[in-house]
Amino acid sequence: MPTRVVVAEDETIIRMDLRELLAEEGYEVVGEAGRGDRALELIQSEKPDVALLDIKLPGMDGISVARRVNAERLCAVVLVTAFSQRELIEEATDAGVHGYVVKPFERHDLVPAIEVGLARFAAEKLLAEQVANAEERLEVRKMVDRAKGRLMDVNGLSEQDAFGFIQRTAMTSRRQMRNVAEDILSGVLTPPG
């Protein structure tokens, strides 16, 4: 499948050139906008792989769009702009931009910026998923530990027996240990005898 792109550029001729260049390089342009607010709507609805944004867009500037896109982890963002001032580049970096190309650009400038942007976005997404998984595992562990403590305090079980009860109950009922621990903590589930 080709990489899906939304292009946001307020100058129609540049937008057409970008669309043509992207098509020649095997990308699929799934949306175009001349305004930042419209670009954000397109990105949210079309779910492209990458958005090419100009900085100076009416309605909402490209950096603000990038900030929103990055906050929602919607796609990679590459700025294509005539502005190369250091403070704008720093602001773009803070907004989570994955690539930056200065106009006038050549084909050999744009394609690597897109590909690097896609790779950076994929790495960020993977890292965020790993962090979320680690946080979830920590929460489950804490809940199981609290459930073990309750079984030890209320039912007089040893730590090993309490854990064994939680584990066996999860396996025999085909439920996650988290759900079993929740039932123990709410008092719905207690060991027999």
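This is a predicted model: local features need pLDDT of at least 70, side-chain atom pairs count only at pLDDT 80 or more; totals for chains, interfaces and linings use all residues.

User: Start with Arg19. Where is its place?
Analyst: Arg19 sits in helix α1, which covers residues 12-24.

User: Is Arg19 buried, exposed or partly exposed?
Analyst: Partly exposed, because its relative accessibility is 34% and that class runs between 20% and 50%.

User: Which residues is Arg19 in contact with, leaving aside neighbours within four places in sequence?
Analyst: Val29 and Glu32. As for Val6, 13 residues apart from Arg19 along the chain, the two C-alpha atoms are separated by 9.3 Å.

User: New topic. Which residues in the largest nonpolar core touch the most other members?
Analyst: Ile43, Leu53, Ile63, Val69 and Leu79, out of 24 residues in that core. At least two core residues come from each of β1, β2, α2, β3, α3, β4 and α4.

User: What is Ile43 in contact with, beyond four places in sequence?
Analyst: Its contacts there include Val6, Leu53, Val65 and Val69.

User: Why would such side chains gather?
Analyst: In soluble globular proteins, nonpolar side chains tend to be buried together.

User: Last one, Thr169. Buried or exposed?
Analyst: Buried, because its relative accessible area is 14% and the cut-off is under 20%. Thr169 belongs to helix α6, residues 159-173.

User: What lies 2.7 Å from a polar atom of its side chain?
Analyst: The backbone oxygen of Phe165. Not counting residues up to four places away in sequence, Thr169 also touches Val180 and Leu189.

Definitions and conventions. Residues are numbered from 1 along each chain as its sequence is written. Side-chain values use heavy atoms; hydrogens and water are left out. Helices (H or I, at least four residues) and strands (E, at least two) are DSSP runs, numbered from the N terminus. Buried means under 20% relative accessible area, exposed over 50%, partly exposed in between (1.4 Å probe, protein chains only). Contact means heavy atoms within 4.5 Å. A polar contact is a pair of N or O atoms within 3.5 Å; within protein, one must be able to donate a hydrogen and the other to accept it, and residues adjacent in sequence count only if both atoms are side-chain atoms. A nonpolar core is a set of buried Ala, Val, Leu, Ile, Met, Phe, Trp, Tyr and Cys residues joined through side-chain atoms within 4.5 Å.
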